[in-house]
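Please open the model in your viewer and keep the selection panel at hand. The tour below goes from stop to stop, saying what to select and what is there.

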Amino acid sequence: MPDTHGNGQGQGFEPASGDGPESAVAGAARAAELRTAYEGLLQIRRLTGGGVGVPAAWELRMAPRAVALVLEAAGFPPSALDGRGGRVRTGYRVAPGADRVEVTWAGPPGGGAVQEERERLAACAAELERHGWECLLYRGPRGRRFLEVEPPR
């Protein structure tokens, strides 16, 4: 993905995966960078001929990053961790899997993530499918739901 930080260091915008600090996804500067990165994603899709509803080749190579960008740009809150690795905010969490991406709805213990996950993951799936990804909702260990997100076939 192109450099969207404008820092000249070649480090592109890093969408929130849900495993970072809460402070990393706040502020007007972050919102502007997010908007630029998302517009860049759509422009790359247009220029590569697939249209805005089909993931571009770079998205397939960097699927967790692309999925996180779509979710963050759509306004879904990412989960967040404190300095010790404990969850401090409820939201999506994107993780790489074998040939797919896994999206969970995570939060601090007792924070209500379990009660929200079905509805929130269904909304995440609808947004990702609108962007050309295929999503399947599963129940994993302990009955927790998660999405498997794959490129279109």
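Begin by selecting H1 and H3, which are oblique to each other, a word used for angles that are not under 35 degrees (roughly parallel), over 145 (roughly antiparallel) or 65 to 115 (roughly perpendicular). This is a predicted model, in which local features need pLDDT of at least 70 and side-chain atom pairs count only at pLDDT 80 or more, while totals for chains, interfaces and linings use all residues. Residues are numbered from 1 along each chain as its sequence is written, and side-chain values use heavy atoms, with hydrogens and water left out.

**First stop: H1 against H3**

Helix H1 covers residues 28–47 and helix H3 covers residues 63–73, and the two pack at an angle of about 120° with their axes 10 Å apart. Axes here are lines fitted to C-alpha atoms, for helices over the stretch in contact, and angles run from 0 to 180 degrees between N-to-C directions; helices (H or I, at least four residues) and strands (E, at least two) are DSSP runs, numbered from the N terminus. The crossing of this pair is left-handed, meaning that the near helix is turned anticlockwise from the far one by less than a right angle, whereas clockwise would be right-handed.

Now show side chains: Arg-30, Leu-34, Ala-37, Tyr-38 and Leu-41 of H1 meet Leu-69, Val-70, Glu-72 and Ala-73 of H3, where contact means heavy atoms within 4.5 Å. The residues of this contact comprise seven nonpolar, no polar and two charged; Ala, Val, Leu, Ile, Met, Phe, Trp, Tyr, Cys and Pro count as nonpolar, Asp, Glu, Lys and Arg as charged, and the others, Gly among them, as polar.

Is H3 mostly covered or mostly uncovered? Nine of its 11 residues are buried, so that H3 is mostly covered, with buried meaning under 20% relative accessible area, exposed over 50%, and partly exposed in between (1.4 Å probe, protein chains only). What covers those buried residues includes H1, H2, S3, S4, H4 and S6.

Select Val-67 in helix H3, which counts as buried at 0% relative accessibility. Leaving aside neighbours within four places in sequence, Val-67 is in contact with Val-94, Val-101, Val-103, Leu-128, Trp-133 and Val-149. Cys-124 is 57 residues from Val-67 in sequence, and the two are 9.8 Å apart in space, C-alpha to C-alpha.

Val-67 also belongs to the largest nonpolar core, a set of 32 residues in which Val-67, Leu-71, Val-103 and Val-149 touch the most other members; such a core is a set of buried Ala, Val, Leu, Ile, Met, Phe, Trp, Tyr and Cys residues joined through side-chain atoms within 4.5 Å. H1, H3, strand S3 (91–97), strand S4 (100–106), H4 and strand S6 (145–150) each supply at least two of its residues, and H3 gives the most, with seven.

Move to Leu-60 in helix H2, residues 57–61, which is partly exposed at 43% relative accessibility. Not counting residues up to four places away in sequence, Leu-60 touches Pro-55, Trp-133 and Pro-151.

**Last stop: the loops**

Select Asp-99 in the loop between S3 and S4, where phi is near 60°, a positive value in a residue other than glycine. Asp-99 is exposed, with a relative accessible area of 73%. Arg-142, in the loop between strand S5 (134–139) and S6, likewise has a positive phi of about 60° although it is not a glycine, and Arg-142 counts as exposed at 81% relative accessibility.

Finish at Pro-109, in the loop between S4 and H4, which counts as exposed at 80% relative accessibility.
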